[in-house]
Amino acid sequence: MFIWKDILEMSRNIPLHQVILNMEMFETGVDPDEIKEKLSKMLKVILEEAETQYGKKHETLTGMTGDNAFKLRNHTPNFLSKFSYMATVTALSIAESNASMGRIVACPTAGASGVIPGVFNAMVKIFNPTFEEMLEAFIVAGGIGKVIADKATISGAAGGCQAEIGTAAAMASGALTYYIAKDAEKVGNAAALTLKSIMGLVCDPVGGFVEVPCVKRNGNLVNIAISSSEMALSGIKSVIPFDEVVDAMKKVGSSLPQSLRETGEGGIANTQTAKSLVSNLKIFLL
Amino acid sequence: MNLLKVVGPVMVGPSSSHTLGALRIARFVYKFIEGRPEEVSFILHGSFSKTYKGHGTDRALLAGILGLRQDDPEIKNVYEIADKFNLKYRFLFEDLGDVHPNTVRIRVLKDGMTHEVEGSSIGGGDIKITFIDSVPCELSWDYDTLVIVNRDAPNALKSILSTIKVNVANLYLRRVNLLQERALTIIELDEPINNLEEIRKLPCVFECYFIRRDD
């Protein structure tokens, strides 16, 4: 079981990404080089798909989304930095590709699969890092995700959207922070700041399908990951340590009613517009 | 949950339980019958029967039964692939009783033989195979799996196990038919076996299938 406090303790003398690989070896018996090799394959798919899908129109399964990435790509940003803009377009692109049965890496889940490609694609385009540098940041993202998976849950059905997109964003903010500062403590602060900002977010997909609001949440949450990382890099600390934030998130998740955990019955799924959309969909769905 | 599972896997969207899990159940059947069937019926239960199109479960199932891998970008075009192979397919809807909401029963015809496998997609792409040819079981397909129809007689299991050279993780044995003296043995293994023919030639073995796990 991964506990952030332990990871932090061990990373005093060993680089954080190496600590994560070592801990995984102790737990599963798998050689760190082998894990690294498999992770690098996944990162390659993430980068390839981000490149191919960037700003494309998609024909999604229900048609409720599909042209959002395209719209944003053809728009000149007023407020977002170049980095945030690229990350947002990428996150929307992958989320819409996912909704149209495209190839994705379920990092950490299919529904939240846009956030990590968002930050990594922007990293490639803006900072031109080496693959090894990106891989190290990706391993750190994995370590954060595993802390949440071990201590709480990464499933929307179990813990609400805070557990899915929240985990994705916490992983992304940790990866960004590690890439810039190589500082484990700052990484933990970035992840904690992110998770605290989206504590309580419910899972309320219209009709139960992974499109509304999932696609645009990927686009928005990648920005929370970026701003949390920026704050942590400036030295801002999370008053509540990451481990305790995760525990709190778990408790909030289990106190959410069933209707707000991926059943498509509560939240925006229960609005008049959502209901009429779904009843129109049913005609050609069944 | 291990690190690779948190970070991955590579798959096609939109949902691990509706596409990945469904595809893996069908792909298990594809490997079980050692190739594409001529005919297939997918009997969908619960949530699978209500939302299968909006989640792409229909295409995932077809892709799996045709042997496509979980990350194959062709999955979205699988209806054309199925037509190319002249696969006869049907989607039926039935209440399969007190089972997991995401459950499918797959009936296949290949080389004149009919098989029926039931499985549930239990979340995160994990599956549970619950019936093979009407014999209840509980397989995760996290292991290399041997399915054997053998003689329901003393020492049958002993001779099978002594022929298997790799470590057995889990084992199920159930009587199928007392009159025909038939039993079904399911063995989950830590590693693949390389002497399948030897097992098939055992006098107590009628049928033997080996389903390798996906890496």
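Tutor: At 13% relative accessibility, Lys151(A) counts as buried (buried is under 20% relative accessible area, exposed over 50%, partly exposed in between, with a 1.4 Å probe and protein chains only). The model is predicted: local features need pLDDT of at least 70 and side-chain atom pairs pLDDT 80 or more, while totals for chains, interfaces and linings use all residues. Residues are numbered from 1 along each chain as its sequence is written, chains are lettered from A and ligands numbered from 1 in the order written, and side-chain values use heavy atoms, without hydrogens or water.

Lys151(A) forms a salt bridge with Asp243(A) at 3.8 Å, N to O (a side-chain nitrogen of Lys or Arg within 4 Å of a carboxyl oxygen of Asp or Glu). Lys151(A) lies in helix H7 and Asp243(A) in helix H12 (residues 242-255) of chain A, so this pair ties together parts 92 residues apart in sequence. Helices (H or I, at least four residues) and strands (E, at least two) are DSSP runs numbered from the N terminus. Asp243(A) is also buried, with a relative accessible area of 11%.

Lys151(A) forms a salt bridge with Asp247(A) as well, the closest N and O atoms being 3.4 Å apart. Asp247(A) too lies in helix H12 of chain A, so its pairing with Lys151(A) in helix H7 ties together parts 96 residues apart in sequence. Asp247(A) is partly exposed, at 32%. In chain B, salt bridges that share partners join Arg105(B), Arg107(B), Glu116(B) and Glu118(B) into one network. The count over all chains is 27 salt bridges. One of them pairs Asp67(A) with Lys71(A) at 3.7 Å; Asp67(A) is partly exposed at 29%, and Lys71(A) is exposed at 52%.

Next comes the interface. In chain A, 38 residues are in contact with 29 residues of chain B, where contact means heavy atoms within 4.5 Å. The two chains bury about 2,700 Å² between them, 71% of it on carbon and sulfur atoms; buried area is the accessible area (1.4 Å probe) that two parts lose on being put together, summed over both. Leu61(A), Met101(A) and Arg103(A) supply 24% of the area that chain A buries against chain B, more than any other three residues. Between the chains there are zero salt bridges but seven residue pairs in polar contact, both residues at pLDDT 80 or more. A polar contact is a pair of N or O atoms within 3.5 Å; within protein, one must be able to donate a hydrogen and the other to accept it, and residues adjacent in sequence count only if both atoms are side-chain atoms.

Elements that give two or more residues to the side of chain A that touches chain B include helix H7 (131-151) and strand E1 (103-105) of chain A. H7(A) gives the largest share, seven residues.

E1(A) pairs in the antiparallel sense with strand E1 (residues 10-12) of chain B over three bridges; strands pair if DSSP finds at least two bridges between them. Val105(A) has Val10(B) as its bridge partner there.
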